[in-house]
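Thanks for coming. I will show one structure today and walk through a few parts of it.

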Amino acid sequence: MDFNVKKLASDAGVFFSRAMQFTEEKLGQAEKTELDAHFENLLARADSTKNWTEKILRQTEVLLQPNPSARVEEFLYEKLDRKVPSRVTNGELLAQYMTEAANDFGPGTPYGKTLIKVGETQRRLGAAERDFIHSASINFLTPLRNFLEGDWRTISKERRILQNRRLDLDACKARLKKAKAAEAKAACEGDLWSDEVEKAEHELRLTQTEFDRQAEVTRLLLEGISSTHVNHLRCLHEFVESQTNYYAQCYQYMLDLQKQLGSSKGEIFSGTFVGNAESTSPPPAAASPPAVAAATLPAVPTIPVVPTIVGVPNTVAESVLNPNEVKPPTSGTRKARVLYDYEAADSTELALLADEMITVYSLPGMDPDWLIGERGNQKGKVPVTYLELLS
């Protein structure tokens with residue numbers, strides 16, 4: 001008990017001495033041991049690293065999880081050392097709703113088929129987002145957190161110890177300075193003040209040694225910030241690679257979906273063009289029953305079979321296959337925007353440039369995957385999947 005009381009009194013005396021030294025320094029009444037310029041630069045770089053790491057970490061968390069409630073929940077699970085429950089992404093939830101709506105409206109209807117296609121793409125996008133978040137959390141966020149919760153705490157602890165050692169050193173310097181000043185004034189009591197001076201010099205040597213040792217320890221830790229930068233640079237490259245793969249996947253998924261929807265749109269509207277074009281042409285003088293039945297179903301595009309005789313040229317088929325010799329119908333033409341560049345395979349086709357506007361229409365007997373396109377004086381067949389038909 002006696003030892004504890006003495007230790008407590010000693011600690012209280014050290015604390016009081018440091019508080020006095022700190023206060024006098026703030027008031028400009030005491031000298032302060034300055035660190036060398038290199039050491040100060042190391043301290044400034046360490047503080048800057050810590051501040052920017054915190055900002056980058058917080059904003060990356062917002063990027064990966066915009067919902068603040070979800071972020072708080074994940075933080076609590078981490079502090080409780082429990083596994084974060086799996087959460088459905090927004091894309092996966094949208095895919096679920098679209099699939100349920102398609103089943104309700106009818107998966108065989110055009111709207112239902114499209115909902116299923118879009119929903120499947122949204123599901124794939126949601127899965128890609130989940131993989132990206134998982135990869136970014138492990139390869140980027142975790143190293144940043146480890147630095148702030150590990151290395152930086154150690155650096156902060158050693159810096160506080162160094163600060164205390166500096167205050168002790170400066171307090172000893174002040175006591176030695178006062179003892180020497182008193183010794184000079186009281187020449188008759190020289191022996192007494194000589195002992196005080198020797199005692200102050202001894203304490204100064206001890207505190208100087210402790211300060212130098214702690215300064216070296218702190219310096220080594222601060223110089224380790226360079227290794228931290230190298231590690232964070234590697235993690236940053238991994239984050240960029242994960243993000244690049246994620247956006248590349250999303251782009252490919254959406255490109256595939258756009259092509260699927262373009263093909264479906266062409267199948268829907270090509271039947272309408274065929275029906276309009278056939279309605280403006282006069283009916284044949286004698287039509288067989290199958291031909292009449294086909295004419296009553298305009299929603300299903302059909303290719304009329306033109307009879308041929310051996311040795312006799314089929315002038316009707318030749319006129320259909322040569323777009324430059326046909327004239328557009330009086331009704332049934334529409335405007336279309338080109339989605340992708342297209343190179344004509346032969347003289348019957350029309351080359352296309354992305355985002356240009358052309359006029360399109362269908363002719364009796366044409367393949368439903370193709371339309372006749374006109375651009376000024378140029379005319380030729382164009383694929384429906386490369387077009388966005390406008391009203």
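Some ground rules. This is a predicted model, in which local features need pLDDT of at least 70 and side-chain atom pairs count only at pLDDT 80 or more, while totals for chains, interfaces and linings use all residues. Residues are numbered from 1 along each chain as its sequence is written, and side-chain values use heavy atoms, with hydrogens and water left out.

Now the overall layout. The chain has nine helices and five strands. Here helices (H or I, at least four residues) and strands (E, at least two) are DSSP runs, numbered from the N terminus. Along the sequence the pattern reads α-α-α-α-α-α-α-α-α-β-β-β-β-β. Of the 391 residues, 31% are buried; buried means under 20% relative accessible area, exposed means over 50%, and partly exposed lies in between, with a 1.4 Å probe and protein chains only. Among contacts with a separation of 6 or more, 70% come from residues 24 or more positions apart, where contact means heavy atoms within 4.5 Å.

Next, helix 4. Helix 4 covers residues 90-105, which is 16 residues, and spans 22 Å from its first C-alpha to its last, close to the 22 Å expected at 1.5 Å a residue. The expected span is 1.5 Å times one less than the number of residues. Which residues of helix 4 are buried? They are G91, E92, A95, M98 and A102. These residues cover an arc of only 120° around the axis, so they sit on the same side of helix 4; the arc is that of the directions from the helix axis to the C-beta atoms. The buried residues of helix 4 pack against helix 5 (110-185). On the other side of helix 4, N90 and D104 are exposed. After helix 4 comes G106, with a positive phi near 115°.

The five strands form an open sheet in the order 4-3-2-1-5, with antiparallel pairing. Strand 4 (378-383) and strand 5 are at the edges with a single partner strand each, so one side of each has no neighbour in the sheet. Two strands pair if DSSP finds at least two bridges between them.

Strand 1, residues 334-338, has R334, A336 and V338 on its covered face, and K335 and R337 on its uncovered one. Strand 1 pairs with strand 2 (residues 357-361) in the antiparallel sense over four bridges. In that pairing A336 stands opposite I358, and K335 stands opposite T359. Strand 1 is also joined to strand 5 (residues 387-389) by three bridges, again antiparallel, with R337 opposite E388.

E34 lies in the loop between helix 1 (2-26) and helix 2 (37-64). E34 has 58% relative accessibility, so it counts as exposed.
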